[in-house]
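The explanation begins with a question.

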Amino acid sequence: MKKVLLAGFLLGSLTIIAQPKVADTERFAFEPDLPVNADIPSPKEFLGYELGEEFTVYAHIVQYYKNLAKRSPRVIYNEYGETYEGRPLINLVISSEDNISNIEDLRQTHLDLLTASSSEAQTVIDSQPVFVSYSYNIHGNEPSSSEAAMQVAYRMAAATDDETMDILKNAVFIMYICINPDGRDRYVYWYKTTKRLKRPGYEPRDMEHYEAWPGGRTNHYWFDLNRDWVWGVHPESRGHTAEYQKWMPQVHVDYHEQGHNSNYFTMPGTTPRNMLLPDSYESWSKVFGDANIAEFDKYQLNYFTRDRFDFFYPGYGSSYPSVMGAIGMLTEQGSARGRIIETDDGYKLTLRQGIFDHYTTSIATIKAAVKNRQALLQYSYDSWQPASNKTNTKAYFFSNAGMYNSDLINVLIRNGVKVYQANSSFQLSSAKDYRTGRTIRKTLPGGTYIIPMDQPRHLFISSIMERNMAIEDSVMYDMATWSAPIAYNLDAYSTAGSFSADQIEITEEISPEGGVINSDAKYAYVIDWNQRYAPKTLAKLWAKEYNVRSAYRAFGNDERTFPAGSLIILKGRNREKAEQIDTDMKEVAETCGVEIVGFNSGRMVIGMDLANTRNRPIEQPRIALMTDPPFRSYTAGQIYFMFDWVTELPIERVRATNLQQTSLPKGGFRFGGVDLKEFDVLILPGGGGTLKQLFGEKQLEEIKSWVQEGGTLIATESAAAFFTKERSKLTDVELKKSPKDSSDAVNYLRYEDREDYFGKRRIPGTALNATIDISHPLAFGMPKNLYALKFGNDGLKPSEKLQTVGFYDKDPSSLAVAGYASTENLEHLAGTTFAGVAQIGQGKVVFLVDNTQYRMFWLGPSRMMQNAVMLLPGY
């Protein structure tokens, strides 16, 4: 017995002795011999622990920077915004004391470089500091960079050596210390409650390395903020890009983490590249990559270059700066996914190393920038010159009649682009039509928006406004097109020729303005459903408990016509609100930015009278959005954001794990104790083939029964394929089978060629021409022509069993608009349905094969989701 106890004791002792360190401060020491100002506290002294021993909650990070700015005259602390959850968004400006005391003059002189003459520019280049900025922790669950940022800021604020003094004199350093505080804290608090306390959980399979859905990567609404730099959908993005525009640096680095088995990535990257960038961009990225590599070689740190990461899409933190005239770059640290993890070759990768690696590249990069100060200022100056434009485009044009034209105008203005509007019609002798790709002679009407290319941000303009970017490699990290006029479904043109137009500059973002025409109407109020914020208006009316009808067909009087779907508020059906209805209509119109028209009579000259019973009463639906695996957090977040933030319509997020298989006494099944019959609408955001594990035969029968009794099931993306005849058999709708390579060559592919071969067979986010049946309630408020964004090659077979509402162009040769798709895939998709409705009993299954609100910038198809939720249950 004593021997057993002794053996157990020794085994326990050996286990304790052998446990790996979570913070190897000896190997990963932060320049321990560097002389520093002892009056300025280091992160270790302020926090009470070594960086890497623990994750730091965001509030403590903020406290450290406030303290640092108070202690050091080299540091400016600035709050540039606030997250959805109320956390401050901050950046630091660090430079020499002389520069900081004169920082506003330096900043303005730097911005003057955008429009300076060559002689004026040379004076600035000879004397001006180089501006360098870093963005840390845009993905919340990649938190090592925010920890590293504290050490970087401390070093620049406290070091007293000659080299640091020279850096501070010759550089203005802007640090965005945590782009995504909400996601970071979501991850950090989860990790603190999950980590093993007695012995570090370095085993990759331990639960502390696996976050619960949706994870900390995203912001409050589950959006990837590292795809939002251009579009500014969220306050985090609008805040840091507005701040970026104030500084317009020469160098910017975006700090990330990747899988734990990956070594550190540093520049340069791989193809495809943005071919519009200056030719010297690649060589500059190598200069900075080599500076990092020299330090890594010194410390025997592993790294790689020229693989995996491309910078084609301009909405990354590494590519947005490049289209703004900087050397934009990416670093990716292998993630410990906690404090320590064992890699596939037995190495113990720690959070401390991640902090050290990011610290090392942060310092190496700013040193390299100072060494090349004048050349980098020259690079930016040259990039800002319109003469460096690589396209032959002179200007871009888009209509002021589109539902989302103000969204694009605001994107451009927020990013410093000059936007003009024509006062009268004008002619283009050679206009490229975005829908057809043909060059034609075109007269554009007054009100058309004009984006000329003779301005400093021409590279940004062409990168987001071009109809189709040149693609050197169809296997890419992100999407193949993001053309803004196409994403917002606008009628747009470009020209390579000269033109003359009477125009006025639009200097401020466009805010929706609303009001009431005939505000003391006697009979009814009507709201045109084609308006951008009509769905939000309907949600407001429901919240005020108004009875609202949706017009079955277009109608009008002698003065104007209203489209199908327009909202009708009959005074005779809202008599209990007689005292307040006129006031409420004014309030709702102004709050939502819509026009509401009062009618003194219900008799129409065109179409049906206002009180015709074909104009359907529509009640506020009870909506369930499925969340948790297997559903896509990105898609769920976009839908949640659309209704909760944009439309302001209540939507319940229901966990898939709460789906119970036990039947209720009177039929039905429960979501965590809630009967499915308590909902009118059920939204499934993707889920793919794993849906069959969630929905068994019994559950599918119950769902079908719920639909037959009047429920509306909305299946998006891969969920749409699941509810076809081939998969779940819930409907008779058929999925068109994907084409297969019939050649013998695929059977003998070389191993090294397989990734490239199969990558080219997929559709990586390509714009396709599509036609919409605008007479169907699913398409109310939409134009008949649409740009659909396609990932994958799923399509539905048109048939009498499916009400086809949206289908891809029937001619394969005119189907693709922008991006990449193989001829085989285009032939496969031509004429197939991507949006349709299957009637089952009294209810409906809505098929939305494509994401209709992708990242909330590809808004052209988004009204379909709003219609499916808000209008379809009433039809």
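How many bridges join strand β19 to strand β24, and do these strands run parallel or antiparallel? In this predicted model, strand β19, which spans residues 524-527, is joined to strand β24, residues 595-599, by 4 bridges, and the two run antiparallel. Within this pair, Ile 527 stands opposite Ile 596 of β24. In general, the strands of a sheet pair through backbone hydrogen bonds, in either a parallel or an antiparallel manner.

The pair belongs to an open sheet of 6 strands, whose order is β18-β24-β19-β23-β20-β25 and whose pairing is mixed. At the edges of this sheet are β18 (515-517) and β25 (616-618), each of which pairs on one side only. On average, neighbouring strands of the sheet are turned by 30° against each other, with direction ignored.

A helix accompanies these strands. Helix α18, formed by residues 581-592, lies across β18, β19, β23 (567-570) and β24. Relative to β18, helix α18 runs at about 130°.

Rolling a probe the size of a water molecule over the atoms shows where empty space is left. The structure holds 7 cavities of 30 Å³ or more, and the largest cavity has a volume of about 100 Å³. This largest cavity is lined by 14 residues, of which Asn 274, Leu 277, Tyr 281, Glu 282 and Phe 311 are the closest to its centre. Classified by type, the lining of the largest cavity comprises 7 nonpolar, 5 polar and 2 charged residues.

Methods:
Residues numbered from 1 in each chain as written. Predicted model: local features only at pLDDT ≥ 70, side-chain atom pairs only at ≥ 80, totals over all residues. Heavy atoms only, no water. Pairing = 2+ DSSP bridges. Axes fitted to C-alpha atoms, helices over the stretch in contact; angles between N-to-C directions. Contact = heavy atoms within 4.5 Å. 1 Å grid on protein atoms, 1.4 Å probe; cavity = no way out; pocket = protein on both sides within 12 Å on 5 of 7 lines; lining within 4 Å. Points joined across faces, edges and corners; volume = space filled by probe spheres on them. Nonpolar A, V, L, I, M, F, W, Y, C, P; charged D, E, K, R; others polar.
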